[in-house]
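Please look over the model shown here. A short report on its fold and on selected residues is wanted.

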Amino acid sequence: MQYDLCVVGAGHAGCEAALAAARMGVPTLLLTLNLDAIALMPCNPAIGGTAKGHLVREVDALGGEMGRAIDDTFIQSRMLNTGKGPAVHSLRAQADKRAYQRRMRQALFAQENLEVRQGEVSAIRLSPTGEVQAVETTTGARIACRAVIVAAGVYMDARIIIGECVREGGPQGLWASQALAGALRALGLPLRRFKTGTPARIEESSIDFDEMEPQPGDEPVTPFSFLTDAPLHNRAQCFLTYTNEETHRLIRENLHRAPMYAGTIHGTGARYCPSIEDKVMRFADKARHQVFLEPEGLDTNEWYVQGMSTSLPEDVQIPMYRTIPGLRRARILRLAYAIEYECVDPLSLEPSLAVRGLRGLYLAGQVNGTSGYEEAAAQGILAGMNAALYVQGRAPVILGRDQAYIGVLIDDLTTKGTNEPYRMMTSRAEYRLLLRQDNADLRLTPIGYAAGLAGEERMRRVQAKREATDAALRALSGAWLPRSEALSALLWAHGQPEPAGSVRAADLLRRPGIGYDDLRGVWDGWRPLEPQVEQQVSVSLKYEGYLDKERRQVEQFRRAEERLLPQDADYLQVEGLRIEARQKLNALRPRSIGQASRISGVSPGDIAVLLVWLERRERAREA
């Protein structure tokens, strides 16, 4: 088999990248250090969560695999933030860790145009004109290809740290990649060192669940994939417990042995996923911290202790865990550890995830300085699409901040950069009411379909959903309901005032607490709707004013994005720009005024100067 694309790494980014390219008709090779580690969840055995659930839905809408895989293998599911508005509702599912891996392996090995092989890349070879030609492996193989996606995760020059014990290695005892970081350095890519970590795994028979608070899943279960039709049900539950003063005292007494405080760890850790020793020191006023016990699967006796990530020594970890209610008899099967690794400064990337100045080379996942399976998968599918489009001689797909959380993620990385492992949050999205997880298919499936990734069935469903939503909104807007006893009873039950005369069905549905099903007894034209359609109708009417406001903001944003900057400009020669702005603009080459305005170090005053300069340049060109 001849390959047009080689994907390096088979984590969550690599799997989505390889599947996307192969589904678009590009012969693809997926190389991994270890076939047994495909789609491994080395940390939390879960998919989704706040903002992360949005990313999974968007990956699915484009034609990706993560949503379908977790629907097939989850053991508990919950919708988070339901006490808030629909913009921040986020789905999270506990995975059967091994079942998820098997499910993703099946998808890879069954995919046409895709070959999977074990191997370690030691070099990426370019042509004299800077185009990818081949990859070479540590065993001496030379594999010709036209494009490469590096999705190395946290394996590059990785080392595991447990107290004073430091050794080279990847997650869960796997090998580290010793050659790939050097290959990227040889190409001139700027590398930096980041750090992450994971808590211990506890043997199930040593946990006293009766001392903890049960955390059941939601029923009915909401699927991640827009293609999942079969009803889903929870098969396990999680538990909640807390640290206490005894836990905190033990940590404080041994803080000098914690690698983060002893100077052993040099990489930058994730601010939003701190170790337990960090939490105890940074939030000294807190008497306790939440600890969730989560099963790693249905056929394993390992339980994950969320909230207790640490790199303290073994002789401290064991008594520390045993201070927690429910874990007094805990037997640790796998120690908690920190892991340091090399990653690339994402400012060296274009919004397509292509490396600037190197044609055919793309990066995706934690190698770009992100954290999380979902962020990795989101980058993977976009890199896979764009590498395939590059091979096919087509223009790349660039998702804007107004189109997707994936667009926010990639724009943040490639425009602002990151000095710590980047984690997606709803607060990062300016237009989050428009970028809800429930409408990801309406936003993105047409884009995936046009690229050749999303299939006919997926596109047909999106069109049917859109048409049904529009028809229901027209019917509600055109229906007037006369005063009646049933209408009065409905309004009284929801504490709503009665209208002076007839009321439009759409206006009735806009009132707080009243749902579409409530109209059944007061509107002769009521017809049952599919749950997805009913949700779109409800949100469209209840949040109409806010949605219109965001759409106006998006129009302003798009005008700035459409004001393109010349890619051959020498910003060092633009008078009026501050020196920092000149240097940043020359280094990052923003494609538009909008992107330039988001670059750290470019002020509103610099943007005003750029607009004047651009207008003069355009007038001179016309003259």
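**Basis**

This is a predicted model, in which local features need pLDDT of at least 70, side-chain atom pairs count only at pLDDT 80 or more, and totals for chains, interfaces and linings use all residues. Residues are numbered from 1 along each chain as its sequence is written, and side-chain values use heavy atoms, with hydrogens and water left out.

**Overall fold**

The protein has 20 helices and 23 strands. Helices (H or I, at least four residues) and strands (E, at least two) are DSSP runs, numbered from the N terminus. Along the principal axes, the C-alpha atoms fill a box of roughly 80 × 80 × 50 Å.

Of the 623 residues, 57% count as buried. Buried means under 20% relative accessible area, exposed over 50%, and partly exposed in between (1.4 Å probe, protein chains only). The accessible surface comes to about 25700 Å². Carbon and sulfur atoms hold 50% of that surface. Areas come from the Shrake-Rupley method with a 1.4 Å probe; for residues, only the protein chains shown count as cover.

Contacts (heavy atoms within 4.5 Å) reach across the sequence. Among those with a separation of 6 or more, 72% link residues 24 or more positions apart.

The charge count is 76 positive and 77 negative side chains. Lys and Arg count as positive and Asp and Glu as negative, while His and the chain ends are not counted. The centres of the two sets lie 3 Å apart, with each charge placed at NZ of Lys, CZ of Arg, CG of Asp or CD of Glu.

How many residues of strand β20 (residues 337-344) are buried? The count is eight of its eight residues. Both faces are covered. One side carries Tyr337, Ile339, Tyr341 and Cys343, and the other carries Ala338, Glu340, Glu342 and Val344. In a regular strand the side chains alternate between the two faces of the sheet.

Two strands pair if DSSP finds at least two bridges between them. Strand β13 (residues 191-198) pairs with β20 in the antiparallel sense over eight bridges. Strand β11 also runs antiparallel to β20, joined by three bridges. Ala338 in β20 stands opposite Gly197 and also opposite Ile161.

**The β7-β8 hairpin**

Strands β7 (residues 121-126) and β8 (residues 132-137) run antiparallel and are joined by five bridges. Val121 stands opposite Thr137 in β8. Five residues lie between the strands of this hairpin, and Gly130 takes a positive phi near 85°.

Helix α3 (residues 66-73) is mostly covered, with six of its eight residues buried. Those buried are Met66, Gly67, Ala69, Ile70, Asp71 and Thr73. Thr73 has 4% relative accessibility. Beyond its neighbours within four places in sequence, Thr73 is in contact with Ala95, Asp96, Ala99, Tyr100, Arg103 and Arg235.

Thr415 is in helix α11 (residues 405-416). It is buried, at a relative accessible area of 2%.

| Pair | Apart in sequence | Apart in space |
|---|---|---|
| Thr73 and Ser538 | 465 residues | 31 Å |
| Thr415 and Arg598 | 183 residues | 6.6 Å |

**Backbone details in loops**

Where does Ala51 lie? Ala51 is in the loop between β3 (46-48) and α2 (52-62). Its phi is near 70°, a positive value in a residue other than glycine. Ala51 counts as buried because its relative accessibility is 0%.

Asp157 is in the loop between β10 (147-150) and β11 (159-162). Its phi is positive too, near 45°. Asp157 is partly exposed, with a relative accessible area of 22%.

A cis peptide bond joins Glu219 and Pro220, with omega about 0°. Pro220 is in the loop between β15 (213-215) and β16 (238-242).
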